[in-house]
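These are my notebook entries on a two-chain model.

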Amino acid sequence: MMVPSATTLQQAQRALAIARKDIRIYYSKGPVVIFGVLFPVFLFLSFTIGRDVSVDFMIPGLLGMILFFTATAISPIVAPWEAQARTLERLMSCPVRIETIILGDILASFAFGLFISLVPVILGLALGITVSNPFIFAAAIIVAALCFSSLGNVFSIPPTNQPATVNMIASVIKFPVVFISGIFISLDELPSWGQVIAYISPLTYFTDIARNSIQGQGHLPIAIDLLALLAFTAIFLLVAMKLHQRTMPRRI
Amino acid sequence: MESSRAIQVENLTKRFGEGEVVAVDHVSFEVKRGEIFGFLGPNGAGKTTTVRMLTGVIRADEGSASILGYKVGSLMAKQVVGVVPEMANAYPDLSGWNNLMLMAKLYGVPAREVQERGIALLRGLGLLGRKDHLARTYSKGMKQRLILSMALISEPEVLFLDEPTSGLDVQSARLIKDLLQNLNRQGKTIFLTTHDIEEASRLCTKVAIINQGKIVAIDAPEKLRVATSGMHSIEVSFDGSLNPEVLAKLPGVNAVKRLGDKYRLYTADPSELVISLVNYSCSNGLRIVSLNMLAPSLEDAFVALTEKESK
């Protein structure tokens, strides 16, 4: 019998199949899409309405929040959902590595984040913003979507099969991150201790690139922002891959 | 030269908690190619844990196992098996067809063969007419048949089924059993865990009985049945009622069980017991309504072996 060898390319194809499955089951739902856009928009507006802020200042913050919240919205709860629905055991007995399953889950979240991020970008363009370097801006959105999706997957490492528990863990981290990442107050206006805290958030670097691209001025050089985002992405991916190997069998 | 062994297991052990609960305790056995191997045991005996280790879902703490020569848990071992896990679900928000196609992609089934295989499988399992409906709308029997078709889409050499007919309607259970026998005739090796002794007795060429994490017997069902000494029985019913304790005192009776209006008497010497029963009925003015001599069943062997081990 011919048995296909387990090449990296095959695992990548199988990760894409898992991502397509996730998108069909978890992301392509009207309420998920609407909530993905509306929740960060309302949260953002609640902090900006009444303040004298320009569209150039608003759009990078709104984009950062939408990308961060959408890319981390569903990915933490896919594994507990699947364990609860008793579909995870079947998936784990397929010829796929645990890393492949994780990569598939991250890719689905990545695609969802990218898709929803078009909403604030199109809104911004309609309101007359200009993007100084579209290529870097697009690259930053792509890297940030991957980074936040990987972070979302890190939230689901604890081997609980209760999506509510994972959501609580994720919320405890996600909300403070939004407030320390230069979304509502630019980094230049933060005190030095505030800036030190901001540097531990990956969202800070994306917001800085977005401000640099749209407002024409950022706090850090774009190369540093991009490198920091890539470094965070690598760390989150590595942590998710390694730790899920330990905890995923404990969900069964 | 191709080995005749499909599955080889040596000292497989799994502990849970801080190691204090030994779910599977140094289990060893082998399954030959083309066998239907039944894995029997009471609840909590370690059947599902063993299947999960063999299908690579959880890791063993000790021991080793291989499938067609590939180490369990490796991608190659997973590639050559099909799995129907206990209480597993198809994705309820995907159609039957999309569930099947997902498995085809995860097993790397060539695109040119997928359609033909998928349609043949669904037709054989009576699901073709519902293939585009969401799996959540399927009945339990239909879901189980879908899961079986998902396990078969890659045409695996070895099939693991954990309680495949548990709780199913008669039609679905029969369809699955017939399919398993057909697959076995095509040379597939089947590893089947079941509570249904009758099912194991009729389907399996060899059975292992596991209790408290340890294998207590492995043999052909018929040999296991015959080897269980003292488990011949006679079922008798009289036209009047009597105290079962009286029957228990008849010579050669090991145990008595009341089954409705009948009594089952276990003995090592059934012919002697028939004479005793006839004499007893004559001397006490009772009329024998029915009398059947029964060879020991696999269920008797199972109960005897698991009870002996529990003591």
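**Entry 1: a helix pair in chain B**

I began with α3(B) and helix α4 (residues 111–124) of chain B, whose axes come within 11 Å and cross at roughly 130 degrees. Axes here are lines fitted to C-alpha atoms, for helices over the stretch in contact, and angles run from 0 to 180 degrees between N-to-C directions. Helices (H or I, at least four residues) and strands (E, at least two) are DSSP runs, numbered from the N terminus.

This is a predicted model, where local features need pLDDT of at least 70, side-chain atom pairs count only at pLDDT 80 or more, and totals for chains, interfaces and linings use all residues. Residues are numbered from 1 along each chain as its sequence is written, while chains are lettered from A and ligands numbered from 1 in the order in which they are written.

I noted that α3(B) and α4(B) are therefore oblique to each other. The classes are: under 35 degrees roughly parallel, over 145 roughly antiparallel, 65 to 115 roughly perpendicular, the rest oblique. The crossing of α3(B) and α4(B) is right-handed. A crossing is right-handed if the near helix is turned clockwise from the far one by less than a right angle, and left-handed if anticlockwise.

Which residues make the contact? From α3(B) I listed G96(B), W97(B), L100(B), M101(B) and A104(B). From α4(B) come V114(B), G118(B) and L122(B). Contact means C-beta atoms, placed from the backbone, within 7 Å. The residues of this contact divide into 6 nonpolar, 2 polar and no charged. Ala, Val, Leu, Ile, Met, Phe, Trp, Tyr, Cys and Pro count as nonpolar, Asp, Glu, Lys and Arg as charged, and the others, Gly among them, as polar.

**Entry 2: α3(B) against chain A**

I then followed α3(B) to the other chain. The axes of helix α1 (residues 8–27) of chain A and α3(B) come within 8 Å and cross at roughly 160 degrees. That makes α1(A) roughly antiparallel to α3(B). Here the crossing is left-handed. R14(A), A17(A) and K21(A) of α1(A) meet L102(B), K105(B) and L106(B) of α3(B). I sorted the residues of this contact into 3 nonpolar, no polar and 3 charged.

How many residues does each chain give to the whole contact? Chain B gives 25 residues and chain A gives 22 residues. On the chain B side, α2 (75–79) and α3 (96–106) are the elements that give two or more residues. The largest share of that side, 4 residues, comes from α2(B). The chain B side divides into 14 nonpolar, 5 polar and 6 charged residues.

**Entry 3: the sheets of chain B**

I traced an open sheet of 6 strands with mixed pairing, in the order β6-β7-β8-β3-β9-β10 (chain B). Pairing requires at least two DSSP bridges between two strands. β6 (81–84) and β10 (214–219) of chain B stand at the edges, each with a single partner strand, so one side of each is left without a neighbour in the sheet. Neighbouring strands of this sheet are turned by 15 degrees against each other on average, direction ignored.

Inside this sheet I checked β3 (residues 36–40) and β8 (residues 189–194) of chain B, which run parallel and are joined by 5 bridges. F37(B) has F191(B) in β8(B) as its bridge partner. Helix α6 (residues 170–185) of chain B packs on the sheet and touches β3, β7 and β8 of chain B. Its direction makes about 150 degrees with that of β8(B).

I also found an open sheet of 4 strands with antiparallel pairing, in the order β2-β1-β4-β5 (chain B). Its edge strands are β2 (21–32) and β5 (70–71) of chain B, each pairing on one side only. Strand β4 (residues 62–67) of chain B is joined to β5(B) by 2 bridges. One partner pair is S66(B) with K71(B) in β5(B).

**Entry 4: V178(A)**

I placed V178(A) in helix α8 (residues 163–179) of chain A. Is V178(A) buried or exposed? V178(A) is buried, because 21 other C-beta atoms lie within 10 Å. The cut-offs are 20 or more for buried, 12 or fewer for exposed, and partly exposed in between, counting other C-beta atoms, placed from the backbone, within 10 Å. Not counting residues up to four places away in sequence, V178(A) touches M65(A), F68(A) and I183(A).

Key: Two residues are in contact if their C-beta atoms, placed from the backbone, lie within 7 Å.
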